[in-house]
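Here is a short tour to read with the sequence and the structure side by side.

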Amino acid sequence: MYDCIVIGAGPAGLSASLFLARYRRRVLTFHHNSPRNVYSHGVHGFLGHHGIMPSELLARGRDEVAMHGGLIVEGCVTKVEKLGDEHFRVSTGAEGEADHRAIATQSFEARRILLATGLRDLTPDCPGFADFYGVSVHHCPDCDGYEVSDRRVAVLSDGEKGVGFTLGMLTWTDKLTLLTNGGAEGVTDEHRARLARFSIPVREERVSGLEGDAGEKRLRRVLFEEGAALECDALFFNLGTQMAGRLHETLGCELDAECGLVTVDDEQQTSVGGVYAAGDITPHSQLAVVAAAEGAMAAIHIHKSLIPEERRV
Ligand SMILES: Cc1cc2nc3c(=O)[nH]c(=O)nc-3n(C[C@H](O)[C@H](O)[C@H](O)COP(=O)(O)OP(=O)(O)OC[C@H]3O[C@@H](n4cnc5c(N)ncnc54)[C@H](O)[C@@H]3O)c2cc1C
């Protein structure tokens, strides 16, 4: 019986695992498939590690967990069952998204569960996207807005959220163009007037591709099905996200009515006793440093919840 099984070894899961191991808890951590920022060329804004490659940050994290006695295993968690108040069974196997490296079907038991399975970004389906993603094509202004200061930026997003996103980008640059990719229905006259006030054009044609220096991952222009190409230095898209897994559903964790992410209390505990959640799957800023902080918070509260009654006053 483990004290805690952590599902996910991104910044949230690893930070929690490190703290749990430092509390000398028996912790087992699973990871499967890539963490969210696998395409990123550097983690920005992580104090003391600004610009570190995501793979390097995670490799250091895994080493630090192992150094403290935590166990990290590559395997796809396919099921989590609550068997009792302090008793969960976690199954891993070759179902679902498992790849050839997934370990054979096995089950493990624990007194607490931490879900740190992250999100997946919905990305544009246009030729050239993969050539530039993570270096000159981004989705997160908090992460990469500073890097495009005063550059020519295209924003690919439709409707009202595209208007809000584009206005938000004025923090860094006023050389903006909103691309609605054929979906301008939600852009009202009032929105257009607001954008015009900042001289931001709206291009409504469907995007047909991205072009530039693929070797350097530098975007140079956006191509459209009709009309002239748009010369630009970077593109931001805002198409939404989805949960990387559905384990929270089978456990019955409540979701936030507005954003659909897993609700937690101020101890990172979900609506299901003994099940905690941290990182991008909870309704907070989706940043590596926030995920790591939430992982640490979850670990502190998981540890406290496991302290026997006779040691409490
Ligand atoms: C392109 C890009 C650039 C970014 N740049 C920055 C930046 O510059 N600065 C910044 O602060 N943030 C950045 N972010 C955001 C940051 O990457 C996320 O906020 C952070 O990764 C969230 O951490 P997490 O631990 O919650 O989830 P993730 O990092 O996504 O990790 C999820 C973990 O869950 C595991 N997992 C999922 N399902 C299962 C399962 N069924 N079984 C076992 N394991 C499972 C995965 O293997 C992975 O280990 C960027 C994101 C992207 C996409």
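## Cysteines

At 42% relative accessibility, C259 counts as partly exposed, whereas C253 is buried at 8%. Here buried means under 20% relative accessible area, exposed means over 50%, and partly exposed lies in between (1.4 Å probe, protein chains only). Before going on, please keep in mind that this is a predicted model, in which local features need pLDDT of at least 70 and side-chain atom pairs count only at pLDDT 80 or more, while totals for chains, interfaces and linings use all residues. Residues are numbered from 1 along each chain as its sequence is written, and side-chain values use heavy atoms, with hydrogens and water left out.

How many disulfides are there? The count is 0, taking a disulfide as a pair of cysteine sulfur atoms within 2.5 Å. C253 is in no disulfide, and the nearest cysteine sulfur, that of C4, is 13 Å away. For C259, the closest cysteine sulfur is in C253, and the 14 Å between the two sulfurs is too far for a bond.

## The parallel sheet and its helix

Five strands make up an open sheet with parallel pairing, in the order β8-β15-β9-β10-β11. Helices (H or I, at least four residues) and strands (E, at least two) are DSSP runs, numbered from the N terminus. Two strands pair if DSSP finds at least two bridges between them. At the edges sit β8 (137–138) and β11 (202–203), each of which pairs on one side only.

Strand β9 (residues 153–156) runs parallel to β15 (residues 234–237), and 4 bridges join them. Within this pairing, V153 of β9 has A234 in β15 as its bridge partner. Helix α5 (residues 159–168) packs on the sheet and touches β9, β10 (176–179) and β15. Contact means heavy atoms within 4.5 Å. The direction of α5 makes about 165° with that of β10; axes are lines fitted to C-alpha atoms, for helices over the stretch in contact, and angles run from 0 to 180 degrees between N-to-C directions.

## Other strand pairings

Strand β1 (residues 2–7) and β2 run parallel and are joined by 4 bridges. V6 has T29 as its bridge partner in β2. Strand β2 (residues 27–31) is mostly covered, with 4 of its 5 residues buried.

The pairing of β4 (residues 77–84) with β5 (residues 87–92) is antiparallel, over 6 bridges. These two strands form a hairpin with 2 residues between them, and V80 stands opposite V90 in β5.

## The antiparallel sheet and D213

An open sheet of 3 strands pairs in the antiparallel sense, in the order β12-β13-β14. Its edge strands, β12 and β14 (230–231), each pair on one side only. Strand β13 (residues 218–224) is linked to β14 by 2 bridges, and the partner of V222 in β14 is L230.

D213 belongs to strand β12 (residues 207–213) and is partly exposed, with a relative accessible area of 31%. Not counting residues up to four places away in sequence, D213 touches F132, R218 and R220. D213 and F132 are 81 residues apart along the chain, yet their C-alpha atoms are separated by 8.5 Å.

## Pocket and cavity

Which helix supplies the largest share of the lining of the second largest pocket? That is α2, with 6 residues. Both α1 (11–22) and α2 (54–67) supply at least two residues of this lining. The volume of the second largest pocket is about 270 Å³. Of its 14 lining residues, the closest to its centre are L18, F46, L57, G61 and E64.

There is 1 cavity of 30 Å³ or more, and the largest cavity has a volume of about 30 Å³. The residues lining the largest cavity are L115, T117, G245, R246, L247, H248 and I281. On a 1 Å grid over the protein atoms alone, a cavity is a set of points where a 1.4 Å probe fits but cannot get out, and a pocket is an open set with protein on both sides within 12 Å along at least five of seven lines; lining residues have an atom within 4 Å of a point. Grid points are joined across faces, edges and corners, and a volume is the space filled by probe spheres set on the points.

## A buried aspartate

Is D280 buried or exposed? D280 is buried, with a relative accessible area of 12%. D280 lies in the loop between β17 (275–277) and α8 (288–306). Leaving aside neighbours within four places in sequence, D280 is in contact with R36, G118, L119, L261, Q286 and L287.
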